[in-house]
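Student: I would like a close look at a single residue in this model, with the cut-offs behind each term spelled out. Could you take me through its surroundings in one connected account?

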Amino acid sequence: GLKATEGPIYIFEWGKRVSSGNRYKHLLITGQGTSGTRLFMEKLAVSLNKTFAKEGIKTTYEYLGADSILAAQEIAKYKSAGPYDGFLNLMQKDETNKAVYIGQAKIGIPQAAGNSYNYVVRYKQLIKIELLNRRNEITADATMQLNFDLRKDYYYQTLANKITAHMVKQK
């Protein structure tokens, strides 16, 4: 396993990217997964909002829970009634894995009063990403294998930049 002191790991497996002539104006970003994954997705959605805005795309984020059947029903409602022309779905794929864990890493020089420890909150998960148009066609997809400190905000922007570049680079 990854030690608490090791750097971040994010491995992308890029799937298809179909040039279907879609120019997205307003994406609904949906998150599906456990409560630990919800924390990750909400922080990622903030970074995705900034990154997509640079491409001229507005985003809205909705967490849809851990039940994939209920999530699919919610997405169907948005597709029929919402102002969205695209849907970026983030889905937790490794439900057996405890997504968030707290580790202890020894740092620095032991103090006179005892040892110095730094606590890290690691997020370890497999996330599937799909971009769909209004016709329910998958225009891009990817899988992210993640293992990093959940509290480090700059990791989210790195992930958002990679996702945006693959999914909807419009310029």
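Tutor: A polar contact of 2.7 Å links the side chain of Glu137 to that of Asn133, where a polar contact is a pair of N or O atoms within 3.5 Å, one of which, within protein, must be able to donate a hydrogen and the other to accept it, residues adjacent in sequence counting only if both atoms are side-chain atoms. The side chain of Glu137 also makes a polar contact, of 3.1 Å, with the side chain of Arg135. This is a predicted model, in which local features need pLDDT of at least 70 and side-chain atom pairs count only at pLDDT 80 or more, while totals for chains, interfaces and linings use all residues. Residues are numbered from 1 along each chain as its sequence is written, and side-chain values use heavy atoms, with hydrogens and water left out.

As to its place in the chain, Glu137 lies in the loop between strand E6 (117-133) and strand E7 (138-149), strands being DSSP runs of E with at least two residues, numbered from the N terminus. Once neighbours within four places in sequence are set aside, Glu137 is in contact with Leu131 and Leu132, contact meaning heavy atoms within 4.5 Å. Gly86, 51 residues away from Glu137 in sequence, is 9.8 Å from it in space, C-alpha to C-alpha.

Glu137 has a relative accessible area of 38%, and is therefore partly exposed, the class between buried (under 20%) and exposed (over 50%), with a 1.4 Å probe and protein chains only. Across the protein, 44% of the 171 residues count as buried.

Technical notes
Helices (H or I, at least four residues) and strands (E, at least two) are DSSP runs, numbered from the N terminus.
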